[in-house]
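Hi,

Here is the structure I promised to pass on.

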Amino acid sequence: MKKIVIIGSGIVGICTAVELINRGFSVTVIDPNEPGSQTSYGNAGVLTDTSLMIINNPQLLRSLLSLIFKKKTSFIYSKLFVFSRLFWVINFLMFSKTKHMELAAQVLRELQVLSLKTHKKLINKTKSNDNIESPGWLKVFKTPLSFEKYAYELDILDKNKAEYTLLNTGEIKKQFPDLQIEYYKGVLFKNSLRVKSPI
């Protein structure tokens, strides 16, 4: 029997371990911390097959100057890192093209469809349904302008036949009455799941 050592007991490490065990491998998982207490604890807890946008996409180049010179909490970068790895950064930006974005989205879609299907099997097998909420992902937009900026991502979703439902203000209020803010539009990913707690 082949022996495999996995470093890290987050969701990726644990799922990899389960899959390898199912295939007949002897698996040891090593982690100095509690399972799921690091990166897997800090993420949004969303299981989806519709997260297709990569960072270096055409929109990045269009907004690069405003991101660099305007102070935005959503964009933080290290000048030291950029200058010390300038060649890498330039190559990274060179791939911010439509063709690269569309190819990456296609590959991500295939991987995520398989991943979500596998997650659902593991959830049923481990009887973890009480820790899962569905549907688990709603993207909301306060203004028409913010929704217009999302048009490129919607186009990517459509090209990859990703399932979603557009909601107007009234529909958002009806389906999600706990939301305190009035939103202009919402994009609901019905096939997505959300983990109540990663622990």
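Predicted model: local features only at pLDDT ≥ 70, side-chain atom pairs only at ≥ 80, totals over all residues.

Numbering runs from 1 along each chain as its sequence is written, and side-chain values use heavy atoms, with hydrogens and water left out.

Seven aromatic pairs come out of a search of the whole structure (rings of Phe, Tyr and Trp, the last by its six-membered ring, with centres within 6.5 Å; planes under 30 degrees apart are stacked, over 60 edge-to-face, the rest tilted). Trp 88 and Phe 92 count as stacked because their ring centres are 5.3 Å apart and their planes at 15 degrees. Both sit in helix H5 (residues 86-94), four residues apart, so about one helical turn separates them. Helices here are DSSP runs (H or I, at least four residues), numbered from the N terminus. Phe 92 is partly exposed at 26% relative accessible area (buried is under 20%, exposed over 50%, partly exposed in between, with a 1.4 Å probe and protein chains only).

Then there's an aromatic cluster made of Phe 141, Phe 147, Tyr 150 and Tyr 184. Tyr 150 is in the loop between helix H7 (144-148) and helix H8 (151-159), and is buried, with 7% relative accessibility. Beyond its neighbours within four places in sequence, Tyr 150 contacts Lys 139, Phe 141, Leu 157, Val 187 and Phe 189 (heavy atoms within 4.5 Å).

Cheers

Conventions: Helix = DSSP H or I, 4+ residues; strand = E, 2+ residues; numbered from the N terminus.
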